[in-house]
Amino acid sequence: MSRARTATRPDEPLLSVRDLSVRFGLRGQESFAAVDEVSFDINPGQHLAIVGESGSGKSVTALAVMGLLPSRGVQVSGEVLYRGTDLLTCDRRAMSRLRGSEIAMVFQDPMTSLNPVVTIGRQVAEVVQRHLKVSRSEAFERGVDLLTRVGIPDAGRRMKEYPHQLSGGMRQRVLIAIGLACEPKLLIADEPTTALDVTIQAQVLEVLKELVADTDAALLMITHDLGVVAGLCDDVRVMYSGRIVESADRDRLFAEPRHPYTGGLLRSIPRLDSPRGQRLTPIPGSPTQTIPWEQGCAFAPRCAHRADQCTDSAPPLEQSEGRALRCFHPLTGAASQQEAP
Amino acid sequence: MSAPLPPAGGSPDVLVTADDAPGVSLWRAAGSRLRRNPTAIVGAVIVLAFVVVALVAPLLTPYQPGSAEWSGDVTPTSVPGPSDDHLLGLDRFGSDLFTQLVYGARQSLVYGVVATAIGLAFGAALGIVSGGAIAVGGRPGVWIDNVVMRVVDIMLSVPSLLLAVSIAAVLGQNSYAIMIAIGAAQVPIFARLLRGSMLAQGRSDYVLAAEALGIRKRKIVMSHVLPNSIGPTVVQATLNLATAIIEVAALSFLGLGQPDPAVAEWGRMLVAAQDRFEAAPQLALLPGAAIAITALGFTLFGEALREALDPRSRR
Amino acid sequence: MLRFALRRLALLVPVLLGLSVLLFVWVRALPGEPARSLLGQRATPEGIARVNEVYGFNDPLLQQYGSYVWALLRGDFGSSIKTGQPVLESFIEKFPGTVELGVAALLFAVVLGIPLGYYAARHQGRLLDTTIVSGSLIGVVTPVFFLAILLKLVFANWLDLLPTSQRQDPRIDATHITNFYVLDGLLTREWDAALDALTHLVLPAVALGTIPLAIIVRITRAAVADVLNEDYVRTAESKGLSRMLVSRRHILRNAMLPVMTTIGLQAGLLFSGAVLTESVFAWNGIGRFLFDSIGQRDYPVLQGYILLIAIIYALINLTVDMAYGVVDPRVRVS
């Protein structure tokens, strides 16, 4: 591929999100912060996961980075620096040049994310044609190649078919092919396996992992599933109610979760190293049981470690030993693993 | 997207009203939504004004429709304009224009309502027979549905105004003929609509659940499927009032309307004014505007009702 | 596709047969004895006897219906009581005028309606949207004949801009091959004739096309608004495609599906509207002929025209349904 790409210094982050806030609400109405002063960096080739339940603001963060939030009733503030350019303020043309070529996205629901009246081939080829400036037939050839690489058999024939003729797993592979078509520097994957059957999930994840590795792309994985994180990501940010509550590299987070919410997430998934007979314990309550961060810790209503302090003021995000935590009463040592809520 | 977007403009108290009084709650919730929808209010005001004018027409004017109030000459080129005695002047037959307009409202209201009622009654009956037969099922059910739907197809195969024209031609020129003709042309619309929503309801889980409980299908249809399917039909009836009022005028325009000059009718006023346009444009403009505004009122209200009954359609 | 068309055509047979029965009964249900109502004021004893003879009103009903259908199958749709001209002949003679008008009206509605609906949906809640939506509402509720009269008043009487009656200035000695006057002018390279026919077309087409326009605006707006919320539009935007390509290939192609189905239904509206519009603008087409026939109670003409219109209406809807299959691959397969 002949494309001029500015060299990135290895120490400079590829994407740097600074104090990103997204508020929903029409003018004159009380607005609601779906994302609240979120900051994180992604280095070239790094695989970062944002983990949280539905409603935590993780998908909105991804859409804000892509500039795909609706313009009406949404206020975005902060900075999203891609190699030094603020994506929130750059013009639409520049943004659309970046989208699909430098930064691409794989969406959650393969059943609805492909256009039902346009052939698979065209939906794959159009992004190639747009960014790599190749002819229609070259784009088509590349499309066949991409579909083969994501494990779609008989790709030449599939190119001429429509989405409804493919299974959910196949469609998700197509979405991955679209995302990686121009070998982006950064791929954002928003729950790419959630809508699939469990058996298909593993296959699709494997394909994603291979291709991301092949293309040296950085990955921003949006998921609620720590199992996905374990196999794919180096670094983790845990979000709750719009804010990052814990940040650590994967190994340390899994070995020693500090935030009670992270601990709860870990206890709710099966692990090979957990004692026999131990039951999975879900986090009590639901993400809707929350208090505004202005009044304290949003997780407090569901937290077993809650103290008076937690509902008096909001805990700050404190850095230590290369990780960050937003909690007054973090889990310690053995408690983080074994203790029931 | 995992973050819940707050509903734009949605208000939580709608959900609260839906909790009380099962069965009525849908309509109640719709009512409370209607009261907060400016479109509905504008529509309702127009409709209300129209109905009031129609009802109290004799109080609004000292004259009788169709009677010549002018001793002087009214010629095609000279139609007396507004004066102290005649707010809007006279028409080409020497009748008071304002009187003709308010009595015309009366005529349009009666024609529109009766015609739509006829269409609704027969159309809904066909729809219930058809949709009910399908829901109850079995060979006879399918057969009955087939027959009814073919009849509806035949009626729909002719553009509705031509259907009304042919029916009016058979029945002769009188008020009943007009109302029946306009109403009959609406029958297939109601029949199809009600059958369609009954079929959709019949496939829903609560019907399945009721069947699993061993409730008789006939009872399920009449006490569950039908009440839940009637919403779109009511909306359509409101919208059809607008169509009916326009079509009554169209029949007049085609020379198949109410021939009695003592009965004021907007469509006929428009026809009569057509060739006097340069001399007295108000003779055509006012009845034309009256038809359009009345139709607008019913349309606005019907659209608002549709939105209120189907919260999903709101955005 | 062919099988689909054949099946739909087969379904049409019982409907048309049913309609023929209704029309057959209809003539006999007209007030007074059929021959008298057919002849109307021109009824003389001899005339009645002759009509009874020609129409076979004295035969048993079943036999009468049999010969009616047999005649229809041979293309005999009856003859005008007033002029004796065969119904089919006059229909074929006047149909091009109505097609010309209807196509122009539909073009006006589609070419203006789809962009307006699209822009309204893209600017939901803003002034532009409110204006377009209000305008379309007014368009829906304005009676065709009122609008026609209004246009005539403004453009002919006050502004004196456009012709308001007939299809072409009779002083232009135009050659007519197809009876589509604009097309004829182009084919024969009589540019002035084509232009004249075009200017005659403007007002009637606007009058007839306004309700379809308003409906297309509303349907397009609703459909585009729905599609804008679809995930695949977001996917398309995430690819960095040009705005033009996203709206054309990903938004409009999907939003056109519901619009297409209504265009078929507009055909019925156009036929009804043509009766009113053509009579206001003295447009020589089937609508005006029907209008005159209603006035003269020329029932055989009404009977034949209604049947012919029903056939054409059904064929239009069949075509639209087939076109739908071309655009929507999900229908094509099943």
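Where in chain C does K82(C) lie? I started my notebook with that one, and K82(C) turns out to sit in the loop between helix 4 (61–73) and helix 5 (87–122) of chain C. A reminder to myself before going on: this is a predicted model.

**Entry 1: K82(C)**

Next I asked which residues K82(C) is in contact with, leaving aside its neighbours within four places in sequence. I found Q296(C) and D298(C). I also looked up the distance from K82(C) to I263(C): they are 181 residues apart in sequence, and 36 Å separate them in space, C-alpha to C-alpha.

**Entry 2: two helices of chain C**

I263(C) took me to helix 11 of chain C, where it is one of the residues meeting helix 13 of chain C. How do the axes of helix 11 (residues 243–280) and helix 13 (residues 299–327) of chain C cross? I read off roughly 170 degrees, with the axes coming within 10 Å. Angles over 145 degrees count as roughly antiparallel, so helix 11 of chain C is roughly antiparallel to helix 13 of chain C.

I noted some of the residues that meet here. From helix 11 of chain C they include M256(C), L257(C), M260(C), G264(C) and F271(C). From helix 13 of chain C they include I309(C), Y313(C), I316(C), N317(C) and V320(C). By class, I got 13 nonpolar and four polar residues in this contact, and no charged ones.

**Entry 3: the domains of chain C**

I looked up how chain C is divided: domain 1 covers 2–73 and domain 2 covers 91–327. Their C-alpha centres lie 33 Å apart. How many residues of domain 1 of chain C are in contact with domain 2 of chain C? I have 14 down for domain 1, against 13 residues of domain 2.

On the domain 1 side, helix 1 (2–29) and helix 2 (34–39) of chain C each supply at least two residues. Helix 1 of chain C gives the largest share, 10 residues.

**Entry 4: chain B against chain C**

Then I turned to where chain B touches chain C. The contact takes 35 residues from chain B and 34 residues from chain C. I wrote down four helices of chain B that each supply at least two residues of its side: helix 6 (138–156), helix 7 (160–171), helix 10 (217–253) and helix 12 (282–309). The chain B side has 23 nonpolar, eight polar and four charged residues.

**Entry 5: chain A**

Last, chain A. I noted 11 helices and 12 strands. Its radius of gyration is 21 Å, close to the 20 Å the globule rule gives for 341 residues, so chain A is as compact as a globular protein of that length. Along its principal axes the C-alpha trace spans about 65 × 50 × 40 Å. Of the 341 residues, 47% count as buried. I also looked at contacts in chain A between residues at least 6 apart in sequence, and 63% of them join residues at least 24 apart.

Why is helix 10 (residues 260–267) of chain A largely enclosed by the rest of the structure? I put it down to burial, because seven of its eight residues are buried. The buried ones are P260(A), Y261(A), T262(A), G263(A), G264(A), L265(A) and R267(A).

Technical notes. Residues are numbered from 1 along each chain as its sequence is written. Chains are lettered from A and ligands numbered from 1 in the order in which they are written. This is a predicted model: local features need pLDDT of at least 70, side-chain atom pairs count only at pLDDT 80 or more; totals for chains, interfaces and linings use all residues. The radius of gyration is taken over C-alpha atoms; the globule rule is 2.2 Å times the number of residues to the power 0.38. A residue is buried if 20 or more other C-beta atoms lie within 10 Å of its own, exposed if 12 or fewer, and partly exposed in between; C-beta atoms are placed from the backbone. Two residues are in contact if their C-beta atoms, placed from the backbone, lie within 7 Å. Ala, Val, Leu, Ile, Met, Phe, Trp, Tyr, Cys and Pro count as nonpolar, Asp, Glu, Lys and Arg as charged, and the others, Gly among them, as polar. Axes are lines fitted to C-alpha atoms, for helices over the stretch in contact, and angles run from 0 to 180 degrees between N-to-C directions. Angles under 35 degrees count as roughly parallel, over 145 as roughly antiparallel, 65 to 115 as roughly perpendicular and the rest as oblique. Domain bounds come from an automatic or database domain assignment.
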